[in-house]
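Subject: Structure for your review

Dear colleague,

Please find below the structure that I am handing over to you. My findings follow directly after it.

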Amino acid sequence: MNKDELAGIFKALGHPTRLKIVEHLIQINTCVCKEIVDIFPFSQSTISQHLKLLKDSGIVCGEVEGPKTYFCVDKRVLEEFKIHVKAL
């Protein structure tokens, strides 16, 4: 993981809602956007924007199945991120 990728993850996790989304995904492994929308007081478009930023950073990945996209935390990226944070 290079410095730009590391900074991208820090930026993605720099918002309380995105942190909560990542925590939720870690707990349940995978879910669709609607399930995340149902637990937050935000519109689907707002949650989608948060998920896009998390996905762009690499910490969250999405798998399309028909009309739905299932989101989960990329555990490999998360573990690598933890190693870099510990080294700071």
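His50 lies in helix 4, where helices (H or I, at least four residues) and strands (E, at least two) are DSSP runs, numbered from the N terminus. The model is a predicted one, in which local features need pLDDT of at least 70 and side-chain atom pairs count only at pLDDT 80 or more, while totals for chains, interfaces and linings use all residues. Residues are numbered from 1 along each chain as its sequence is written, and side-chain values use heavy atoms, with hydrogens and water left out.

His50 has a relative accessible area of 9% and is therefore buried; buried means under 20% relative accessible area, exposed over 50%, and partly exposed in between (1.4 Å probe, protein chains only). Leaving aside neighbours within four places in sequence, His50 is in contact with His15, Thr17, Arg18 and Ile21. Contact here means heavy atoms within 4.5 Å.

Helix 2 and helix 4

The axes of helix 2 and helix 4 come within 10 Å and cross at roughly 75 degrees. Such axes are lines fitted to C-alpha atoms, for helices over the stretch in contact, and the angles run from 0 to 180 degrees between N-to-C directions. Helix 2 and helix 4 are therefore roughly perpendicular to each other (angles under 35 degrees count as roughly parallel, over 145 as roughly antiparallel, 65 to 115 as roughly perpendicular and the rest as oblique). Thr17, Arg18, Ile21 and Val22 in helix 2 meet Ile47, His50, Leu51, Leu53 and Leu54 in helix 4. The residues of this contact comprise six nonpolar, two polar and one charged. In this scheme Ala, Val, Leu, Ile, Met, Phe, Trp, Tyr, Cys and Pro count as nonpolar, Asp, Glu, Lys and Arg as charged, and the others, Gly among them, as polar.

Helix 1 and helix 4

Helix 4 (residues 44-57) also meets helix 1 (residues 3-12): their axes come within 8 Å and cross at roughly 160 degrees. Helix 1 is therefore roughly antiparallel to helix 4. On the side of helix 1, the residues involved are Gly8, Ile9 and Ala12, and they meet Leu53, Leu54 and Ser57 in helix 4. This contact of helix 1 with helix 4 has four nonpolar, two polar and no charged residues.

The faces of helix 1

Which residues of helix 1 are buried? They include Leu6, Ile9 and Ala12. Seen down the axis of helix 1, the buried residues fall within an arc of 125 degrees, so they line one face of the helix; the arc is that of the directions from the helix axis to the C-beta atoms. The buried residues of helix 1 pack against helix 2 (16-28), helix 4 and helix 5 (75-86). On the other side of helix 1, Lys3, Asp4 and Lys11 are exposed. Glu5, also found in helix 1, is partly exposed, with a relative accessible area of 41%.

Helix 1 and helix 5

Helix 1 packs against helix 5 at an angle of about 100 degrees, with their axes 11 Å apart. Helix 1 is therefore roughly perpendicular to helix 5. Leu6, Ile9 and Phe10 in helix 1 meet Val77, Phe81, His84 and Val85 in helix 5.

Yours sincerely
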